[in-house]
Amino acid sequence: MDYAIISHGPSRSFPDGDDFLTNAVREASITVHVGGGAEADTAKTAVLVELTTECLGVYTGEDAGKEGSNMLGFARYRNGDDPPSNLIELVRQPNSDEAALDAARAVFEGAGFQVAISADQQGRIIDRLVRPKYNDALRFLDEGLAAAADIDLTCRLGLGYADGPIERVERGGLVHHYEVSQRLFETYGTPGYAPARRAQVAKQRADNNE
Amino acid sequence: MTSQIKTVGVCGAAGTMGAGIAIVAARAGFKTICFDTGEDALARARKQTEGFFGKSVERAKMTEADQSAALAKLSATTQIADLADCDLVIEAVFEDLKTKQILLEQLDDVCPSHTLFASNTSTLSITEIASGCARQDKVVGMHFCLPAQLMKLIEMSPGLNTSDESFQAAWDWTVQVGQMPVRTQDKPGFILNALLVPFNNDAIRAVEAGVATAGDIDTAIKQGLGYKMGPLELIDLIGLDTQVRLCEAFYPITHDPRAATPPLLSRMVAAGHLGRKAGRGFYQYDDNAMFGG
Ligand SMILES: NC(=O)c1ccc[n+]([C@@H]2O[C@H](COP(=O)([O-])OP(=O)(O)OC[C@H]3O[C@@H](n4cnc5c(N)ncnc54)[C@H](O)[C@@H]3O)[C@@H](O)[C@H]2O)c1
């Protein structure tokens, strides 16, 4: 299915040279906005907006739970600085246009991605679920529960994870983890999202070096 | 001290974990005494063990000679007194503090003073399990993963009164039987369950909060993070009632709100949606094949 890209800046989902960018056409009934911007266009089948930590509602406005249009959000999941994964979180609102959803799914699946549909809630699916786990793992390290390598090995051997939480969050960047967790914490207020001390230290060091 | 361990006792050896642990010990050449309360259950476990070794031979993971040798190492009893010759006793009885404490007190009377006691508890404190026993220095946490006969990981935890020598001896034994031990403190859920139980609860809360369907959550976690199973598939496999019991074990100790039983979980258990074993949990199952979600 054809789609056109409208770039507002560098994209976290599709780094320069990504096939998804190069396979786009100039004009199509589906427009994909990347790099932090969007324009409504009700004449299109679907207007897809790349999201980072913000909600789709920031672009569409909200209407007491009745919001929804042909404008949908998306993010290709990426662990901080790691290369992007194959997963697209496709973000809908309560009254999102079903034809727009079908078209968006067709575009992304046609490009070889797996699609998971998420409500327009802070952290979507993955960050909402994994950030508290990374905070716990970092706290366990501070508390001496086990060595970092053993925490990681336990998750790989015992749970079949591709990598452990400490190695993963450190590879993705503790500052990135801080920023994502802090946004979640501001929204939900529950302690599990409060950025772990090690992430706070990394953030302070990054700020001091700026 | 490792070389001094020749005979291993497994308490609760007719259960899911005990039967697997007995396989690990016997397969590595240790004389293994399987102790449980009922003869029928022990006989059933023996049949399952024979079936497991049979499959291992079929898959060329062990020879027929190794199979016969391993089976010859295994004996079963309902008499705790038969554990008198054990150098190491691993308990995998019900996850109940009193049951485990009473068992260790009885073992104290039966076993010689050098015998090490190991607990396979998932959520209880090793120090508390050991507290009624006269040899607290010889009690260690030895948490195998399900299925024990296939999973290499063991979380090893010393209690507050465990001696370094006992811990080392138990550790060395786990290496000798081909397992991979990691050291953790004696804290609720050690590493594995301390991370997993709240994470699984969060996934249930995400379904309840309308973030996504169970299927979309599992897809996202598997594709985005490379996990072999999504959290909701995993909870269906573990059993939703078991997840409630895990929450009930953790929350009163940790007071971590993420460990508290999610309301949706309680409702699903009340409705009989217990997961795979009930044919319905976060997914529906038909002849064990998964559909929907
Ligand atoms: N099932 C798991 O996924 C898993 C994983 C790791 C650790 N564990 C831990 O392993 C232990 C056993 O769990 P399970 O799932 O195998 O339970 P289970 O119910 O399958 O087996 C328990 C066995 O213990 C026997 N038993 C109970 N009291 C006894 C006693 N006083 N003396 C001798 N035998 C007795 C029972 O007859 C039963 O056969 C628990 O501490 C649990 O937390 C379970």
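How far is an oxygen atom of the ligand from a polar backbone atom of Gly15(B)? In this predicted model, the separation is 3.3 Å. The backbone is used at Met17(B) as well, where an N or O atom lies 2.8 Å from an oxygen atom of the ligand. Ser122(B) contributes through its side chain, with a polar atom 3.0 Å from a ligand oxygen. Taken alone, the ligand exposes 830 Å². The protein buries 77% of that area.

The shell around the ligand holds 20 residues. The closest are Met17(B), Asp36(B), Glu95(B), Lys100(B) and Asn120(B). By class, the shell has 8 nonpolar, 9 polar and 3 charged residues. Three elements of chain B each supply at least two shell residues: helix H1 (16-27), helix H4 (97-110) and strand S6 (139-144).

The peptide bond from Leu146(B) to Pro147(B) is cis. Its omega is near -10°. Ala64(A) is not a glycine, yet its phi is positive, at about 50°. This residue lies in the loop between helix H2 (57-60) and strand S4 (71-76) of chain A. For context, most residues other than glycine have a negative phi, and most peptide bonds are trans.

Two helix pairs of chain B were examined for packing. The axes of helix H8 (residues 214-225) and helix H9 (residues 231-238) of chain B come within 7 Å. They cross at roughly 110°. Angles of 65 to 115 degrees count as roughly perpendicular, so H8(B) is roughly perpendicular to H9(B). On the H8(B) side, the contact is made by Ala214(B), Ile217(B), Asp218(B), Ile221(B) and Lys222(B). H9(B) provides Pro231(B), Leu232(B) and Glu233(B). This contact has 5 nonpolar and 3 charged residues, and no polar ones.

The other pair joins helix H7 (residues 192-208) and helix H11 (residues 263-270) of chain B. Their axes are 8 Å apart, and the packing angle is about 85°. H7(B) and H11(B) are therefore roughly perpendicular to each other. Asn201(B), Ile204(B), Val207(B) and Glu208(B) of H7(B) take part in the contact. Their counterparts on H11(B) are Pro263(B), Leu264(B), Leu265(B) and Arg267(B). By class, the contact of H7(B) with H11(B) has 5 nonpolar, 1 polar and 2 charged residues.

Methods:
Residues numbered from 1 in each chain as written. Chains lettered and ligands numbered in written order. Predicted model: local features only at pLDDT ≥ 70, side-chain atom pairs only at ≥ 80, totals over all residues. Heavy atoms only, no water. Near = heavy atom within 4 Å. Polar contact = N/O pair within 3.5 Å; in protein donor to acceptor, adjacent residues only side chain to side chain. Areas by Shrake-Rupley, 256 points an atom, 1.4 Å probe, with all protein chains shown as cover. Helix = DSSP H or I, 4+ residues; strand = E, 2+ residues; numbered from the N terminus. Nonpolar A, V, L, I, M, F, W, Y, C, P; charged D, E, K, R; others polar. Axes fitted to C-alpha atoms, helices over the stretch in contact; angles between N-to-C directions. Parallel < 35°, antiparallel > 145°, perpendicular 65-115°, else oblique. Contact = heavy atoms within 4.5 Å.
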